[in-house]
Amino acid sequence: MSVRELPPRAGRASEVWRVLETVQDPEIPVLSIVDLGIVRHVRWKADGVLYVGLTPTYSGCPATEMIRALVERALNRAGYQSAVIEEILSPPWSSDWLSEEGRRKLSTFGIAPPAEAVGSPKRLFGSLPIACPRCASEETELISEFGSTPCKAHYRCTACLEPFDLFKCI
Amino acid sequence: MSDETRLRYVLRLADTSLVLGQRLAEWVGHAPALEEDLGLANTSLDLIGQTRFLLTYAGEIEGRGRSEDDLAYLRDQAEFLNLALVEQPNGDFGQTIVRQMLVDAFQLKLYDALQSSTDRRLAEIAAKALKETRYHFRYSANWVIRLGDGTEESHARVQAALDSLWRFTREFFTADEVDEAMARKQVGPSLAQLQPGWSARVDEVLHEAGLKRPADAPYPWHGKRGQHSEHLGYLLAEMQSLHRAHPGASW
């Protein structure tokens, strides 16, 4: 499932999507949670209650609960007091769900965006050339599979010598 | 098949992740380099996150209103059903990484198979966990190779770790009535069928690392039946002390 298959953002749902676009990822504040692809649905069920589906990026990501609280607050402020937030596990989040705009924002922020099409496990670990977000050189090397947050790996550019984060492909 | 069987099966998965996650968390602030501190801590976070999904599900199967916290913090040693390997002490970095690689290789096979479980909830959790486990294995396998194929000292240490930990791996594939009942229902895989794939993957790493695969031990441990080595009690005492002293404490 790709992010493009998300339900249409029309009518009253589109207003909720706009509210959600104002909620920042606490660990990468240039990204909204919509950019990150973790909002899975916005819908009203038969009982007239608004349900917002969120999926975690990594099982143990400490930002998950913070994000939930931020979403509740934003919805409350926008007048959706009785909204219910659902945790969705399936299908599991993929870095493929990052929006095009999200990728651009990451790059500008100094974080290399994930390579696309990550179906093959080979591609998970940066076997593809990773471009330095500062000087665009592809002469980069992996320092560590793990970085400052669960969703990032640590790289170094051998051209400009700057270390940088890569948004992991998963 | 009773829900009791399914509960035990889910607790085995949950407790294995929880105890290993707790062991890795002991490294925080002590790892040989900052990158390894981050690597072990992030792996620990993933494992504890997976545990939360599994323990929440276990609480629902049990139906007595116990939460993930109740199950993690208020059960005693004999009620923990983790594989005995994961409770073994960290030792040096080499020993931690050998233990990790052996478990990662197992969880890779296990979660891959569980993705097609007839238990939809387990299948969903497994699909999520599998993606993270691929990362863990990549990390631990790389380190086993670097240390095994490193200096005389590092080679000797990881070979010693492998020799002392190998006897715990037999438990992975020793099915009991719970595993068999779950395999019949296609909730879980046949453990015997997972073994060749695990073995091949581990052999590949050991070969690359220049390490010698130890002989299989005749005695299987029974951590998943609640029979543990002497190390689990100490781990639980530390992990549970805050919650037991201040029940319901929150940040």
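**Figure 1. Salt bridges across the model, with a close-up of Asp165(A) and Lys152(A).** Over all chains of this predicted model, the count comes to 24 salt bridges, a salt bridge being a side-chain nitrogen of Lys or Arg within 4 Å of a carboxyl oxygen of Asp or Glu. The close-up picks out Asp165(A) and Lys152(A), whose side chains pair up with 3.7 Å from N to O. Asp165(A) sits in strand β7 (residues 163–167) of chain A and Lys152(A) in strand β6 (residues 152–157) of chain A, so this pair ties together parts 13 residues apart in sequence. Strands here are DSSP runs of E with at least two residues, helices are runs of H or I with at least four, and both are numbered from the N terminus.

**Figure 2. Where chain A meets chain B.** Chain A brings 26 residues to the contact and chain B brings 23, with contact meaning heavy atoms within 4.5 Å. Together the two chains bury about 2400 Å², 64% of it on carbon and sulfur atoms; that is accessible area (1.4 Å probe) lost when the two parts are put together, summed over both. The interface holds 2 salt bridges. Arg52(B) forms a salt bridge with Glu65(A), and their closest N and O atoms are 2.9 Å apart. On the chain A side, the residues touching chain B split into 14 nonpolar, 8 polar and 4 charged. Nonpolar covers Ala, Val, Leu, Ile, Met, Phe, Trp, Tyr, Cys and Pro, charged covers Asp, Glu, Lys and Arg, and the others, Gly among them, go down as polar.

**Figure 3. Helices α1(B) and α7(B) crossing.** The axes of α1 (residues 3–25) and α7 (residues 177–184) of chain B come within 9 Å and cross at roughly 105°. Axes are lines fitted to C-alpha atoms, for helices over the stretch in contact, and angles run from 0 to 180 degrees between N-to-C directions. The two helices are therefore roughly perpendicular, the label for 65 to 115 degrees. From α1(B), Thr5(B), Arg6(B), Arg8(B), Tyr9(B) and Arg12(B) meet Val178(B), Asp179(B), Ala181(B) and Met182(B) of α7(B). By class, that's 4 nonpolar, 1 polar and 4 charged residues.

Figure 4. Going from Ser90(A) to Pro91(A), the peptide bond is cis, with omega near -5°.

**Notes.** Residues are numbered from 1 along each chain as its sequence is written, while chains are lettered from A and ligands numbered from 1 in the order in which they are written. Local features need pLDDT of at least 70, side-chain atom pairs count only at pLDDT 80 or more, totals for chains, interfaces and linings use all residues, and side-chain values use heavy atoms, leaving out hydrogens and water.

Notes:
Angles under 35 degrees count as roughly parallel, over 145 as roughly antiparallel, 65 to 115 as roughly perpendicular and the rest as oblique.
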